[in-house]
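Biologist: Can you put the model up? I have some questions about how the chains meet.

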Amino acid sequence: MSEWEFDRESDLFKRRFKKYQKNHKSEITAVLNNLDKYMEAINAGTDPHKVQRGFIHPEPMGIIAIDQKGHAPNLRETRLYIYPEAETRTIYLITIGDKDTQDRRDIPEAKQFVEELLKERENG
Amino acid sequence: MGKRYKSVVDLVEDIIDDEEFKEELKKDLLDKSLAHKLYGMRCAAGITQAKMAELMDCNQSRVSKLENAGLNSIKVADLLAYTKALGLKLSIRFREGEVAKESPLFEIKTPRDEEKKESKENKQKPVLIPVHVVVYSYDKTTQNRTHLNKRARQPSNTIERNYAYSGEKI
């Protein structure tokens, strides 16, 4: 079985990540370390939706939010939204944000991303 | 499909704008790679941190620290205890090789990696399937096809070849 890979082609991710990394370096370090752990877990054979850890939050439509916990204290609550697609063994990087933007902006945008991806898959 | 990355380190190379921060982050991720591998193996084994602590005869915070530790903080004794708890055997191998400036000085291989390597090697081995090719003569006017064997009744007029196809092509 092949390894999982990341796909970050979404314009949304590029835009949001570019902006977020400017002022939140420690949060980015923490989130990417947690993403690395998640990647190790699924490459070792864990079901991508069954990785259980404090930094992983299941969201609607199979979306997963990875936070900044476990690295340094007093970091801003950060969420990296990803979507693991088992058929292609791809982890789509969708967007990044904080607690303030999660409900009003990030989760709806992530849902829209997955809806479009699923539609694309249906239409072949 | 967009640009794809095999690891977070590869991803960092491309998505972090600040060069200094990028190098710092890559260094941090490489430093934690062994700890993250341990975490991945425990998850795949379906063992909770609490259970792991029980199996290692330590407290849960030690397991947590180990799974976030940098290379300088991980002792061989920790690795022994961890692998034993997972029902695995720790194997340390010293290899000769050129020390590349850019690449990490160590490799971490799990049983899963070995399985993947084996399955890749098996995939690359060609599967030999004998194929019997028979050639016919074809008459354009009558549109008749004659088996060369039947026409000449000579085995030399029948062209037979055995081809080897790799399993993948088929």
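Biologist: How many salt bridges are there between chain A and chain B?
Modeller: Five, where a salt bridge is a side-chain nitrogen of Lys or Arg within 4 Å of a carboxyl oxygen of Asp or Glu. This is a predicted model, in which local features need pLDDT of at least 70 and side-chain atom pairs pLDDT 80 or more, while totals for chains, interfaces and linings use all residues. Residues are numbered from 1 along each chain as written, chains are lettered from A in written order, and side-chain values use heavy atoms, without hydrogens and water.

Biologist: Which residue forms a salt bridge with A:Glu40?
Modeller: B:Lys37 does, with the closest N and O atoms 3.4 Å apart.

Biologist: And which element gives the most to the side of chain A that touches chain B?
Modeller: H2(A), with 13 residues. That is helix H2 (25-43) of chain A; helices (H or I, at least four residues) and strands (E, at least two) are DSSP runs numbered from the N terminus.

Biologist: How much area do the two chains bury between them?
Modeller: About 3200 Å², 51% of it on carbon and sulfur atoms. Buried area is the accessible area (1.4 Å probe) that two parts lose on being put together, summed over both.

Biologist: In what sense do S1(A) and strand S1 of chain B pair?
Modeller: Antiparallel, over two bridges; pairing needs at least two bridges found by DSSP.

Biologist: What stands opposite A:Phe6?
Modeller: B:Tyr5, in S1(B).
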